Amino acid sequence: MIDRWLQQLLAQMRPEALLGSLAALGLLIGLGGYLYVLKPPLQEIRQLAEEGAGNLLAESAIEEVGAARLARLEADVEALRERLYGASSQVPPDRMESWVINRLDRLSMRHAVQLVSVSPEDRKAVLSFDELPYHVHVRAGYFDLFAWLNEVERELRPLLVKEFELSSAGQEGLVGMKLRLVSYRAREDAA
């Protein structure tokens with residue numbers, strides 16, 4: 001029965017209408033195939049590609065952040081090394097006394113402070129450090145001494161003032177100061 005009905009229908013249709021119907025049917029089948037068969041996998045492929053590109057961008061950003069953080073940490077380590085060892089870190093241990101005396105002399109001239117004497121003491125071992133003590137005697141005005149001592153502590157870091165004594169220098173306005181400065185260096189044999 002369906003066969004006969006289909007034959008009658010085809011016989012009554014014009015060839016242009018039949019071609020148009022077949023084209024519309026093909027278009028509907030193609031559209032349905034695209035929407036139900038091809039579109040979901042294509043969307044999944046596109047999503048995976050975007051995630052992969054996003055992951056690459058995220059990895060690149062992580063690497064940049066990591067590199068910046070590493071550079072910052074290296075700078076922090078260098079700043080800590082500078083605070084711990086100070087300007088004397090590059091001076092060999094056998095030249096340390098002359099280096100300290102030279103620096104004290106230059107700072108004394110800069111601040112109009114009379115460097116009366118500097119006498120180094122014997123090196124002592126304290127834990128894993130060498131203690132290098134110096135007895136220093138200077139004379140100047142109070143504020144000049146203060147400025148000089150401030151710069152000595154800043155420039156000769158990690159030189160510490162272990163003891164000091166202020167006294168009148170006998171001349172009006174001058175103050176004498178005796179200091180015991182101590183420098184600590186990590187021992188080379190202590191590792």
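Colleague: Before we start, what does partly exposed mean here?
Modeller: Buried means under 20% relative accessible area and exposed means over 50%, with partly exposed in between. K162, at 44% relative accessibility, therefore counts as partly exposed. Please note that this is a predicted model.

Colleague: Which side chain does K162 meet in a salt bridge?
Modeller: K162 meets E131, with an N to O distance of 3.4 Å. K162 lies in strand 4 (residues 159–168) and E131 in strand 3 (residues 129–141), so the pair ties together parts that are 31 residues apart in sequence.

Colleague: And is E131 buried or exposed?
Modeller: E131 is buried, its relative accessible area being 6%.

Colleague: How many salt bridges are there by this rule?
Modeller: The count comes to 5 salt bridges. One of them joins R103 and E155, whose closest N and O atoms are 3.2 Å apart. R103 belongs to helix 3 (residues 96–110) and E155 to helix 4 (residues 142–155), so this pair connects parts 52 residues apart in sequence.

Colleague: What about E151, which residue is its partner?
Modeller: E151 forms a salt bridge with R110, the closest N and O atoms being 2.1 Å apart. This pair also links distant parts of the chain, with E151 in helix 4 and R110 in helix 3, 41 residues apart. E151 is buried at 9% relative accessibility, whereas R110 is exposed at 51%.

Colleague: Changing topic, how many aromatic pairs does the structure hold?
Modeller: It holds 1 aromatic pair. The ring centres of Y142 and F143 are 5.5 Å apart and the planes stand at 80°, so the pair is edge-to-face.

Technical notes
Residues are numbered from 1 along each chain as its sequence is written. This is a predicted model: local features need pLDDT of at least 70, side-chain atom pairs count only at pLDDT 80 or more; totals for chains, interfaces and linings use all residues. Side-chain values use heavy atoms; hydrogens and water are left out. Rings of Phe, Tyr and Trp (its six-membered ring) pair if their centres lie within 6.5 Å; planes under 30 degrees apart count as stacked, over 60 as edge-to-face and the rest as tilted. A salt bridge is a side-chain nitrogen of Lys or Arg within 4 Å of a carboxyl oxygen of Asp or Glu. Helices (H or I, at least four residues) and strands (E, at least two) are DSSP runs, numbered from the N terminus. Buried means under 20% relative accessible area, exposed over 50%, partly exposed in between (1.4 Å probe, protein chains only).
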